[in-house]
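Dear colleague,

I am passing on a structure that you have not worked with before, and I would be glad if you could look through it alongside the notes that follow.

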Amino acid sequence: MTDVTPPDLPEAARELLDEYARLLTGWPGLIGRGQPAAALVEDCLTLLPHLGDARGVVDVGSGGGMPGIPLAIARPDLGVSLLESDQRKAAFLHSASARLGVPVEVLAERAETVGRGDRRESFDLAVCRALAPLAVLAELCLPLLRVGGTLLAMKGPGEDPESAIAAVAELGGGRPRLVPAPSAARPGGVLVVVEKPRPTPAAYPRRPGVPARRPLAAP
């Protein structure tokens, strides 16, 4: 059986993670009814063994700050940017980071907009949790990564990356691979790992909303 126990962390980090879980629970609409916030926070820590030597991390579609805020707490050496276009959720991210004293950057913009701006191809690592089908999230995330960077997408069981191979390659990514990443919240959880060996063509990302409406993998 795969070990789903989260890594050992300093007591101060554990206290911050507990406080963050309380903040999530106290802000309506950030997590689904019946979802225990503490388990969701622990789930984010399954990314820790896969961060490598990354320094600049962008959490795309951050929502309530998962996985970006738990990673910033567990790895204070990281520079974490939380990318979230929903203004209400972005307000929570500002509030939570201030309450916790965690120095994250909040980018209250669409990923498509940031991916065509001065932050394009500037991050070492892009992370996301339950964001979109792979062909869509690849267009949102890969333009943000420098050549040599890596995308880590948290997914549930049944993810088939083969259907998005052509789209990922078009965006400058390598062949996607699945890595088991189970937790108490997601016993069948996996990571879709995509390394970026080539620059993303200037045509991508397309205009806001287009990647979701017309995924590159669609005929």
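Leaving aside its neighbours within four places in sequence, which residues is Ile73 in contact with? In this model, which is a predicted one, Ile73 is in contact with Ala13, Leu16, Leu17, Tyr20, Leu100 and Val102, once those sequence neighbours are set aside.

Ile73 also has a place in the largest nonpolar core, which holds 43 residues, and there Ile73 is one of those that touch the most other members, together with Tyr20, Leu24, Leu47, Leu51, Ile69 and Phe92. Two or more residues of this core are given by each of several elements, including the helices α1 (11–26), α2 (37–44), α3 (68–74) and α4 (87–100), as well as the strands β2 (79–83), β4 (123–129), β5 (145–155) and β7 (190–195). The largest share, 6 residues, comes from α1. Apart from this core lies another, of 29 residues, among them Ala132, Val136, Leu140 and Leu171.

The packing of α1 against α2 may also interest you. Their axes are 9 Å apart and the two helices pack at an angle of about 130 degrees, and α1 and α2 are therefore oblique to each other. The crossing in which α1 passes α2 is right-handed. On the α1 side, the residues that meet α2 are Arg14, Leu17, Tyr20, Ala21, Leu24 and Thr25, while α2 brings Ala37, Ala38, Val41 and Glu42 to the contact. By type, the residues of this contact divide into 7 nonpolar, 1 polar and 2 charged.

With best wishes

Definitions and conventions:
Residues are numbered from 1 along each chain as its sequence is written. This is a predicted model: local features need pLDDT of at least 70, side-chain atom pairs count only at pLDDT 80 or more; totals for chains, interfaces and linings use all residues. Side-chain values use heavy atoms; hydrogens and water are left out. A nonpolar core is a set of buried Ala, Val, Leu, Ile, Met, Phe, Trp, Tyr and Cys residues joined through side-chain atoms within 4.5 Å. Buried means under 20% relative accessible area, exposed over 50%, partly exposed in between (1.4 Å probe, protein chains only). Helices (H or I, at least four residues) and strands (E, at least two) are DSSP runs, numbered from the N terminus. Contact means heavy atoms within 4.5 Å. Axes are lines fitted to C-alpha atoms, for helices over the stretch in contact, and angles run from 0 to 180 degrees between N-to-C directions. Angles under 35 degrees count as roughly parallel, over 145 as roughly antiparallel, 65 to 115 as roughly perpendicular and the rest as oblique. A crossing is left-handed if the near helix is turned anticlockwise from the far one by less than a right angle, and right-handed if clockwise. Ala, Val, Leu, Ile, Met, Phe, Trp, Tyr, Cys and Pro count as nonpolar, Asp, Glu, Lys and Arg as charged, and the others, Gly among them, as polar.
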